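I opened this structure to see how the chain is put together. These are my notes, in the order I looked things up.

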Amino acid sequence: MLQKLSYFNLFLAMLYLIVYLKSGNLTSTSGILAIVVLNWLALRSFQLGSYRWEIWFYPFALWSLYYAGLLVYGLVNVIVPAIEYSFMSNENLVYVALTAIFVAGVLWHALAYFLKNLKMPRL
């Protein structure tokens with residue numbers, strides 16, 4: 001499951017990068033990069049059969065969670081005015097759906113990968 005979720009998140013990260021981040025800043029670019037690296041690490045762990053995290057896994061996981069939180073904050077700033085004015089365009093609806101799926105995938109992946117890390121025996 002973690003392998004398929006990693007591929008799904010990689011696909012959504014690239015889609016999100018292409019569609020919505022045409023002139024991204026450091027935070028958005030490094031957030032996508034952290035998500036890509038964390039998913040790559042999960043795929044590498046799957047191939048090696050060891051899900052034990054090294055010390056440098058944690059910054060990528062934390063930055064991925066920070067970026068997911070930033071995306072949720074952006075979602076709130078799109079949804080609240082849409083509710084207030086009782087109007088949401090199709091572009092906003094697609095943005096909300098894609099971002100919500102992307103954030104859910106990133107959070108689910110980070111949690112599943114961390115729980116696999118906790119179940120690995122320590123040497």
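This is a predicted model: local features need pLDDT of at least 70, side-chain atom pairs count only at pLDDT 80 or more; totals for chains, interfaces and linings use all residues.

**An aromatic pair in a helix**

I started with Trp 63, which counts as partly exposed because its relative accessibility is 34%. My cut-offs: buried is under 20% relative accessible area, exposed is over 50%, and partly exposed is in between, with a 1.4 Å probe and protein chains only. Tyr 66 is partly exposed too, with a relative accessible area of 42%.

Residues are numbered from 1 along each chain as its sequence is written, and side-chain values use heavy atoms, with hydrogens and water left out.

Trp 63 and Tyr 66 form a tilted aromatic pair, 4.9 Å centre to centre with 45° between the planes. Rings of Phe, Tyr and Trp (its six-membered ring) pair if their centres lie within 6.5 Å; planes under 30 degrees apart are stacked, over 60 edge-to-face, and the rest tilted. The two residues are three apart in helix H3, so about one helical turn separates them.

**Other rings**

I counted nine aromatic pairs in the structure. Ring pairs join Tyr 51, Trp 53, Trp 56, Phe 57, Tyr 58, Tyr 113 and Phe 114 into a cluster. Lys 116 lies over the face of Tyr 51, at 4.8 Å from the ring centre. For that I need NZ of Lys or CZ of Arg within 6 Å of the ring centre and within 35 degrees of the ring normal.

**The whole chain**

I found four helices and zero strands in the protein chain. Helices (H or I, at least four residues) and strands (E, at least two) are DSSP runs, numbered from the N terminus. The C-alpha atoms fill a box of roughly 60 × 25 × 20 Å along the principal axes. Of the 123 residues, 37% are buried.

Next I checked contacts, meaning heavy atoms within 4.5 Å. Among those between residues at least 6 apart in sequence, 79% join residues at least 24 apart.

**Helix H1**

How far apart are the end C-alpha atoms of H1? They are 26 Å apart, which agrees with the 27 Å that its 19 residues should span at 1.5 Å a residue. The expected span is 1.5 Å times one less than the number of residues. Buried residues of H1 include Leu 2, Asn 9 and Tyr 16. The buried residues of H1 pack against H2, H3 and H4.

**The cores**

A nonpolar core is a set of buried Ala, Val, Leu, Ile, Met, Phe, Trp, Tyr and Cys residues joined through side-chain atoms within 4.5 Å. The largest has 16 residues, and Tyr 16, Ile 32, Ile 35, Tyr 67, Leu 71 and Phe 102 have the most contacts inside it. Helices H1 (2-20), H2 (26-48), H3 (57-85) and H4 each give two or more residues to this core. H4 supplies the largest share, six residues.

I followed Ile 35. Not counting residues up to four places away in sequence, Ile 35 touches Ala 13, Ser 64, Tyr 67, Phe 102 and Val 106. A second, separate core of eleven residues includes Leu 2, Val 37, Ala 42 and Ala 112.

**His 109**

Is His 109 buried or exposed? It counts as buried, because its relative accessibility is 1%. His 109 is found in helix H4 (residues 90-119). Beyond its neighbours within four places in sequence, its contacts include Leu 2, Asn 9, Asn 39 and Ala 42.
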